[in-house]
Amino acid sequence: MPKLTRFKVTIDTGDVGTDEPVCFNINSHKVPFEDLKGSAQAGQTFEGGFEVNSFAHSLTLVGPETGQWNIKKLKVDLDLEGVEPYSVTFGEVTLDETNEVNIWRDPPVPTFDV
């Protein structure tokens, strides 16, 4: 498993947003995003990143502690040590205090011509 150097999320919020800080869990540790742009309020786009420099056994986007957050689209840019950077896009999801969404995806399998 390669070390996760850095990752960034871009989140398009639907009709129900949140005013709370946007957080993620990495290896069961809740952490707020850094390098913030935009907003997680209704109809807005939020961008946040984090320099991890560690192995990611789990990586999830956390719901707000109160209320709901409707996400229309979620894009995750992952930068792993020794692997070409790659992106993963997710569809709609509603988060609240009872759930999280798994945003970790293994790197794409290398392809080659035969």
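Student: Thr60 first: buried or exposed?
Tutor: Thr60 counts as buried, because its relative accessibility is 14%. The cut-offs are under 20% relative accessible area for buried and over 50% for exposed, with partly exposed in between (1.4 Å probe, protein chains only).

Student: What sort of model is this?
Tutor: It is a predicted model, where local features need pLDDT of at least 70, side-chain atom pairs count only at pLDDT 80 or more, and totals for chains, interfaces and linings use all residues. Residues are numbered from 1 along each chain as its sequence is written, and side-chain values use heavy atoms, leaving out hydrogens and water.

Student: Where does Thr60 sit?
Tutor: In strand β6, residues 59-62. Strands here are DSSP runs of E, at least two residues, numbered from the N terminus.

Student: What does the Thr60 side chain make a polar contact with?
Tutor: The side chain of Glu100, at 2.6 Å. A polar contact is a pair of N or O atoms within 3.5 Å; within protein, one must be able to donate a hydrogen and the other to accept it, and residues adjacent in sequence count only if both atoms are side-chain atoms.

Student: Which residues does Thr60 touch?
Tutor: Leaving aside residues up to four places away in sequence, Thr60 touches Phe24, Asn25, Glu100, Val101, Asn102 and Ile103. Contact means heavy atoms within 4.5 Å.

Student: How does β6 pair with β10?
Tutor: Antiparallel, over three bridges. Pairing needs at least two bridges found by DSSP between the strands. Leu61 has Val101 of β10 as its bridge partner.

Student: What is the strand order of the sheet?
Tutor: β3-β2-β6-β10, an open sheet of four strands with antiparallel pairing. β3 (29-32) and β10 (100-102) are at the edges with a single partner strand each, so one side of each lacks a neighbour in the sheet.

Student: New topic. What is the phi of Ser28?
Tutor: Positive, about 70 degrees, although Ser28 is not a glycine. Most residues other than glycine have a negative phi. Ser28 lies in the loop between β2 (23-26) and β3. Ser28 is exposed, at 66% relative accessible area.

Student: And what about the phi of Asn53?
Tutor: Also positive, about 55 degrees. Asn53 is in strand β5 (residues 45-54). Asn53 is partly exposed, at 42% relative accessibility.

Student: Last one. Where is Asn99?
Tutor: In the loop between β9 (93-95) and β10. Asn99 is partly exposed, with a relative accessible area of 27%. A polar atom of the Asn99 side chain lies 3.2 Å from the backbone oxygen of Thr94.
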